[in-house]
Structures are given as structure tokens and as C-alpha cells.
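Thanks for asking me to look this one over. My notes are below, in an order that you can follow with the viewer open.

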Amino acid sequence: MTTVTIRKNSTGACTGFTCSGHSGYAAAGSDIVCAAVSVLVINTINSIERFAPDEMRVETEEEAGLIEVRFPDTLSREASLLVNSMVLGLTDVQKQYGRKYLKLQFEEV
């Protein structure tokens with residue numbers, strides 16, 4: 001199962017997110033759930049780098065299927081919109097394929 005954890009502070013602002021694991025929907029190379037999650041997460045990171053003024057720290061570990069993103073400062077309007085768009089897409093993937101393959105959770109930090 002792939003788990004995506006969105007971290008928010010007490011005001012509801014996103015402070016980062018973590019994506020880990022492999023969905024197990026299908027064999028490696030044919031797993032459409034894993035591909036969808038990867039595209040949404042990586043596109044969000046790339047979009048923030050390109051279209052928003054925000055700094056972020058990104059750590060990856062390919063073998064474990066781990067991507068961790070931390071925002072040291074409060075997100076700009078642009079970056080917040082991009083993260084919300086990612087969450088919308090992930091929510092739709094979870095609805096379509098089920099919590100057995102994708103767990104989306106929110107954590108207050």
C-alpha cells in the first residue's frame with residue numbers, strides 16, 4: 001500500500017508531505033495506482049519549483065518508494081493551491097481504487 005501523509009500546522013497550513021510504499025495494485029511496471037500517485041506527487045514538487053517562490057526540502061529513497069517534502073516557511077498562495085490540487089487528485093485515486101492500495105492521511109504537527 002502507498003501511504004501519503006499531509007502534514008499541517010495548527011492553523012491548517014501545510015508544512016509538508018510524505019509519500020511512501022508501493023501500492024501493490026499490479027506488478028512493477030504495470031501498477032497504474034503507483035504511477036498515478038507518482039505523477040501527482042512529482043508534478044506537484046516540480047510545479048512548486050517552477051511556479052511558486054517557496055523553498056522546500058525534498059528527500060527521496062527510490063528502493064523504499066519514499067518522497068518526503070518539507071516546507072520551512074508558510075506556503076505562498078500558489079504553492080498552497082498546488083498542494084491542494086495534489087490532494088484532490090490523490091483523493092480521486094483513492095476513491096477509484098480503494099484504501100487497500102492508497103491511504104491518504106492528515107497529520108497535525
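The points go from the sheet to the helices, then to the aromatic pairs and the pocket.

1. **Ground rules.** This is a predicted model, in which local features need pLDDT of at least 70, side-chain atom pairs count only at pLDDT 80 or more, and totals for chains, interfaces and linings use all residues. Residues are numbered from 1 along each chain as its sequence is written, and side-chain values use heavy atoms, with hydrogens and water left out.

2. **The sheet.** Five strands make an open sheet with mixed pairing, in the order β3-β4-β2-β1-β5. At the edges are β3 (57-61) and β5 (102-108), each of which pairs on one side only. From one strand to the next, the twist averages 10 degrees. For the terms: helices (H or I, at least four residues) and strands (E, at least two) are DSSP runs, numbered from the N terminus, and two strands pair if DSSP finds at least two bridges between them.

3. **Strand β1 and its partners.** β1 is joined to β5 by seven bridges, and these two run parallel; here Ile6 stands opposite Phe106 in β5. Six bridges join β1 to β2, this time antiparallel, with Gly16 in β2 as the bridge partner of Arg7. The hairpin of β1 and β2 has five residues between the strands, and in it Gly12 takes a positive phi near 90 degrees. β1 is largely enclosed by the rest of the structure, because six of its seven residues are buried (buried means under 20% relative accessible area, exposed over 50%, partly exposed in between, with a 1.4 Å probe and protein chains only).

4. **Strand β4 and its two neighbours.** On one side, four bridges join β2 (residues 14-20) to β4 (residues 66-70), and the two run antiparallel. On the other, β3 and β4 pair in the antiparallel sense over five bridges. Please look at Val69 in β4: it is the bridge partner of Phe17 and also of Val58. The hairpin of β3 and β4 has four residues between the strands, where Gly65 takes a positive phi near 65 degrees.

5. **Val58.** Val58 lies in strand β3 and, at 37% relative accessibility, counts as partly exposed. Leaving aside residues up to four places away in sequence, Val58 touches Ile45, Ile67, Glu68 and Val69 (contact means heavy atoms within 4.5 Å). Val58 and Phe71 are 13 residues apart in sequence, with their C-alpha atoms 9.1 Å apart in space.

6. **The helices.** Helix α1 (residues 32-51) lies across β1 (2-8), β2, β3, β4 and β5, and runs at about 145 degrees to β2. Helix α2 (residues 77-97) lies across β1, β2 and β5, at about 140 degrees to β5. The axes are lines fitted to C-alpha atoms, for helices over the stretch in contact, and angles run from 0 to 180 degrees between N-to-C directions.

7. **Aromatic pairs.** How many aromatic pairs does the structure hold? There are three, where rings of Phe, Tyr and Trp (its six-membered ring) pair if their centres lie within 6.5 Å, with planes under 30 degrees apart counted as stacked, over 60 as edge-to-face and the rest as tilted. Phe17 and Phe71 form a tilted pair, 6.3 Å centre to centre with 55 degrees between the planes. The two are 54 residues apart, Phe17 in strand β2 and Phe71 in the loop between β4 and α2. Phe17 is buried at a relative accessible area of 0%, and Phe71 counts as buried at 6%.

8. **The tyrosines.** Tyr25 and Tyr97 form an edge-to-face pair, 5.2 Å centre to centre with 75 degrees between the planes. Tyr25 lies in the loop between β2 and α1 and Tyr97 in helix α2, so the pair ties together parts that are 72 residues apart in sequence. Tyr25 is partly exposed at 34% relative accessibility, as is Tyr97 at 29%. Tyr25, Tyr97 and Tyr101 form one aromatic cluster.

9. **The largest pocket.** The largest pocket holds about 220 Å³ of space. Of its 13 lining residues, His22, Ser38, Gly65, Leu66 and Ile67 lie nearest its centre. Helix α1 gives the largest share of the lining, four residues. A pocket here, on a 1 Å grid over the protein atoms alone, is an open set of points where a 1.4 Å probe fits, with protein on both sides within 12 Å along at least five of seven lines; lining residues have an atom within 4 Å of a point. Grid points are joined across faces, edges and corners, and the volume is the space filled by probe spheres set on the points.
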